[in-house]
Amino acid sequence: MSEKYSVRIQGKNADIAVEENQSILDAALRANEWLPHSCTQGTCGTCKLKVLCGEVDHHQSPEYTLTAEERADGLALGCIATPRSNLTVEPLGNAGDDGVPHYPLRDYEGTVVVLEDIAANTRRLVVELDTPMAFNAGQYAELLVPEHGVARQYSMANPPTETRRLEFHVKLTVGGLSTDGWIFSSMVVGERISLRGPLGQFNLVNKQDEPAILIGGGTGLAPLKSIVQQALAEDLVPELFLYHGGRRREDLYDVEYFRELERRYLHFHYRPALSEEQWDGAIGLVTDVVIGDFSSCKGMSAYLCGPPAMVEAAVKALKRRRMAPRLIFREEFAITPAATAAPAVP
């Protein structure tokens, strides 16, 4: 049996039990003690902790995320670091009450009920869970790749009201362990899979006064689809603009679904854009299309999801249009490290 350590989270006065080969973040979320996090792969640094007392194993924490100087100062990545002793840690990010519901991290089993091609090298994967998963619109789950002991992250595209039937949008990565080696090759309808969730702090769950601009690149549409459905059903925003960027028409999907929502909800606007093909819709990089549509974004909010370059371009564009940085929320697609996934429960 593996040894257990006690980890106290400063500011919460919470003591949690952590297995010796379990990440601090994983243990905290399973104990329903919220800690800031985003990628859970050690690439973003959102989950950095200050180790006030005790010793941790940093494992393969990337130097670009956690520098040698930061390690020397007692910092650690919560999603990778595991305890070597009892610990007292302090989150660097806001771990307090942010007004957002938080749900404990759990392990789930489910059955693949839909597996269909919806765009170029893009599949819709729908999993029927054995037990329901509560989550916020915008969050993601980790699918465990069979026989490899690693996890890959995919955002839920369904609204949180659908707790048993999770929808994911998956883009093929050539040579990818999860996509090329599983979802696009051997996975079949009826297959049993394992996953864990919910994870992430990208969300829109509370009513807001600001109109919202949602910008997605490729399968970055997935969490935005969840957010759109939730926001429209609960009337969370006064006006909602959804932009989806692709290179060619074959990259777009769920177009008719969003067109129908646009017909049903007068305050919802859908604007797909293509950067490499002429058509009767918006043409150009999706961020340039947004800039062309708004002379000012002051008093608005934004939710961005997609490749890092697209997200960064969108942030710069919106700031140029005078959107307040505090109202720009982002979820970047992190590049999965070649090494194995961060330690969790064995």
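**Nonpolar cores and helix packing in the predicted model**

Val56 is in contact (heavy atoms within 4.5 Å) with Ile24, Val51, Ala76, Ala81, Thr82, Pro83, Arg84 and Leu87, residues up to four places away in sequence not being counted. The structure is a predicted model, in which local features need pLDDT of at least 70 and side-chain atom pairs count only at pLDDT 80 or more, while totals for chains, interfaces and linings use all residues. Residues are numbered from 1 along each chain as its sequence is written, and side-chain values use heavy atoms, with hydrogens and water left out.

Val56 also belongs to the largest nonpolar core, a set of 27 residues, and is listed with Val7, Ile16, Ile24, Leu87 and Val89 as having the most contacts inside it. Such a core consists of buried Ala, Val, Leu, Ile, Met, Phe, Trp, Tyr and Cys residues joined through side-chain atoms within 4.5 Å; buried denotes under 20% relative accessible area, exposed over 50%, and partly exposed the range in between (1.4 Å probe, protein chains only). Two or more residues each are given to this core by β1 (4–9), β2 (14–19), α1 (24–30), β3 (48–53), β5 (75–77) and β7 (87–91), where helices (H or I, at least four residues) and strands (E, at least two) are DSSP runs numbered from the N terminus. Helix α1 supplies the largest share, five residues. Another core, of 24 residues, lies apart from this one and includes Ala119, Leu232, Leu236 and Cys305.

Two helix pairs were examined. The axes of α6 (residues 286–293) and α7 (residues 308–320) are 9 Å apart, at an angle of about 15 degrees; axes are lines fitted to C-alpha atoms, for helices over the stretch in contact, and angles run from 0 to 180 degrees between N-to-C directions. Helix α6 is therefore roughly parallel to α7, a term applied to angles under 35 degrees. The contact involves Val286, Thr287, Val290 and Ile291 of α6, together with Met310, Ala313, Ala314, Ala317, Leu318 and Arg320 of α7.

The axes of α4 (residues 221–234) and α5 (residues 255–264) come within 12 Å and cross at roughly 25 degrees, so α4 is likewise roughly parallel to α5. Here Leu221, Lys225, Val228, Gln229 and Leu232 of α4 meet Tyr257, Phe258 and Leu261 of α5.

Asn13, in the loop between β1 and β2, is exposed, with a relative accessible area of 65%.

Terms used:
Angles under 35 degrees count as roughly parallel, over 145 as roughly antiparallel, 65 to 115 as roughly perpendicular and the rest as oblique.
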